[in-house]
Amino acid sequence: MKKIILFIFLIFSSSKSFAQDISGHWNGVLKLPNNELRVVFNLTKTQNGYTSTTDSPDQNAKGIPVKSTTFENSVLKLDIPAVGGSYEGKLNADNVFVGKITQNGHTFDLNLSKGNIEIVRPQEPKQPFS
């Protein structure tokens with residue numbers, strides 16, 4: 001009986017050690033009615049879970065504090081009172097958080113992935129040759 005209990009304990013303790021580490025820079029593009037803004041969440045693993053900050057490169061804003069950061073059952077939740085908002089997204093099989101950001105009562109889709117993102121802006125109109 002003791003061997004069975006020990007075996008079960010080892011299985012549960014080893015499964016925790018294989019929990020996914022989502023530390024790093026997660027990027028997305030927030031599509032607003034008249035604009036697009038890049039958003040970056042900087043996640044850091046700690047002994048007690050995660051901490052994070054937010055950047056908005058297109059607004060030259062870096063290190064916006066995140067009050068709470070949780071990651072449970074593949075769901076990331078961020079509380080960002082400095083901007084009156086929050087984020088909730090679920091990590092899918094493609095390693096992308098599919099979620100929504102809510103700010104001041106408005107909700108927008110925001111998917112996050114690791115790596116750099118770029119917004120493709122239309123080119124300046126070219127003048128015809130004369």
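In which loop is the place of Asn104? Asn104 lies in the loop between S8 and S9, in a predicted model for which local features need pLDDT of at least 70, side-chain atom pairs count only at pLDDT 80 or more, and totals for chains, interfaces and linings use all residues. Residues are numbered from 1 along each chain as its sequence is written, and side-chain values use heavy atoms, with hydrogens and water left out.

Along the sequence, the elements follow the pattern α-β-β-β-β-β-β-β-β-β. Of the 130 residues, 28% count as buried, where buried means under 20% relative accessible area, exposed over 50%, and partly exposed in between (1.4 Å probe, protein chains only). Among contacts between residues at least 6 apart in sequence, 31% join residues at least 24 apart, a contact being defined by heavy atoms within 4.5 Å.

The nine strands form an open sheet in the order S4-S3-S2-S1-S9-S8-S7-S6-S5, with antiparallel pairing; two strands pair if DSSP finds at least two bridges between them. Strand S4 (61-65) and strand S5 (68-72) are the edge strands, each pairing on one side only. From one strand to the next, the twist averages 25°; axes are lines fitted to C-alpha atoms, for helices over the stretch in contact, and angles run from 0 to 180 degrees between N-to-C directions.

Thr53 stands opposite Pro65 in S4, and Ser56 has Ala61 in S4 as its bridge partner. The two strands form a hairpin with four residues between them, and Asn60 in the turn has a positive phi of about 55°.

Strand S8 is joined to strand S7 (residues 85-91) by seven bridges, the two running antiparallel. Within this pairing, Glu88 has Lys100 in S8 as its bridge partner. The hairpin of S7 and S8 has five residues between the strands. Asn95, placed in the loop between S7 and S8, has a positive phi of about 65° although it is not a glycine. Asn95 is partly exposed, with a relative accessible area of 33%.

Seven bridges also join S8 to strand S9 (residues 106-114), again in antiparallel orientation. The bridge partner of Phe97 in S9 is Leu112. The hairpin of S8 and S9 has two residues between the strands. Asn104 is not a glycine, yet has a positive phi of about 50°. Asn104 is classed as exposed because its relative accessible area is 59%.

Gln103 is found in strand S8 and is partly exposed, with a relative accessible area of 33%. Residues up to four places away in sequence aside, Gln103 touches Val83, Gly84 and Gly85. Gln103 and Ser86 are 17 residues apart in sequence, and their C-alpha atoms are 6.6 Å apart in space.

Gln103 also belongs to the lining of the largest pocket. This pocket is lined by 15 residues, of which Leu30, Val39, Gln59, Val83 and Gln103 lie nearest its centre. On a 1 Å grid over the protein atoms alone, a cavity is a set of points where a 1.4 Å probe fits but cannot get out, whereas a pocket is an open set with protein on both sides within 12 Å along at least five of seven lines; lining residues have an atom within 4 Å of a point. The volume of the largest pocket is about 250 Å³; grid points are joined across faces, edges and corners, and a volume is the space filled by probe spheres set on the points. Strand S1 (24-32), strand S2 (35-46), strand S3 (49-56) and strand S8 (97-103) each supply at least two residues of the lining. By residue class, the lining divides into ten nonpolar, four polar and one charged; Ala, Val, Leu, Ile, Met, Phe, Trp, Tyr, Cys and Pro count as nonpolar, Asp, Glu, Lys and Arg as charged, and the others, Gly among them, as polar.
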